[in-house]
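Visitor: I've got a model open and I'd like to learn how to read it. Could you walk me through it?

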Amino acid sequence: MAKRKRRIPRYKREDPLEAKRQAGYPANAVEADLTQQVPNNSYASKPLYYSDIEFECDTCGRREVWTATQQKWWYEVAKGSLYTTAKRCRACRAAIRATHGGTPRRFHKDRSQNSN
Ligand SMILES: [Zn+2]
């Protein structure tokens, strides 16, 4: 049986993204560095790559994309657990961070301000 050559244009063969697509990775995948991920009990669930995930914000319900690069940073640099994913949109996270300011009493303050 003669091997049939796959006809892939040269520019595509040299495109690293195309190589990923050939390997079954999504086009926007970012390769994972498994040695940087926080170890978990199940090796099977360790992602080999990250790709953009759309999620609904827990707080305001807005849909936002958790990008592959953000995931790589979260799991490999911030050492986030592999069981965690994005829950809040950028705006809500910023709002929470701003109101936190290290003081847990913000809710009382907000309420009294709103009732005025
Ligand atoms: Zn939100």
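**Zinc first, then the core**

Guide: Happy to. Along the chain, the zinc ion's donors follow the spacing C-x2-C-x28-C-x2-C. Keep in mind that this is a predicted model.

Visitor: Which atoms are the protein donors of the zinc ion?

Guide: They are the SG atoms of Cys57, Cys60, Cys89 and Cys92, lying 2.3 to 2.4 Å from the zinc ion. Two of these cysteines link distant parts of the chain: Cys57 sits in the loop between β3 (53-56) and β4, while Cys92 belongs to helix α4 (residues 90-100), 35 residues apart. Both Cys57 and Cys92 are buried.

Visitor: What geometry does the site of the zinc ion have?

Guide: Start with the general idea: four tetrahedral donors at a metal have ideal angles of 109.5 degrees. Here the angles among the four donor atoms run from 103 to 115°, and the site is tetrahedral.

Visitor: Now the core. Which residues make up the largest nonpolar core?

Guide: In soluble globular proteins, nonpolar side chains tend to be buried together. In this chain the largest such core has seven residues: Ala32, Tyr50, Phe55, Trp66, Ala68, Tyr75 and Leu82.

Visitor: How do I read the aromatic rings?

Guide: You describe a pair of rings by the distance of the centres and the angle of the planes. The count here is two aromatic pairs. One of them, Tyr50 with Tyr75, is stacked, at 5.8 Å centre to centre and 20° between the planes. Tyr50 lies in strand β2 and Tyr75 in helix α3 (residues 68-77), so this pair ties together parts that are 25 residues apart in sequence.

Visitor: Which element has the lowest mean pLDDT, and which the highest?

Guide: Helix α5 (residues 106-114) has the lowest, 51, and strand β4 (residues 63-66) the highest, 96. Over residues 112-116 the pLDDT is below 50, and beyond near neighbours in sequence that stretch has zero contacts in the model. The chain averages a pLDDT of 79, with 66% of the residues scoring at least 70.

Key
Residues numbered from 1 in each chain as written. Predicted model: local features only at pLDDT ≥ 70, side-chain atom pairs only at ≥ 80, totals over all residues. Heavy atoms only, no water. pLDDT = per-residue confidence, 0-100. Helix = DSSP H or I, 4+ residues; strand = E, 2+ residues; numbered from the N terminus. Contact = heavy atoms within 4.5 Å. Donors = N, O, S within 2.8 Å, 3.2 Å for Na, K, Ca; no water. Tetrahedral: all angles 85-135°; square planar, octahedral: opposite > 155°, others 65-115°. Buried < 20%, exposed > 50% of the residue type's maximum accessible area, 1.4 Å probe, protein only. Core = buried A, V, L, I, M, F, W, Y, C linked by side-chain atoms within 4.5 Å. Phe/Tyr/Trp six-rings, centres within 6.5 Å; stacked < 30°, edge-to-face > 60°.
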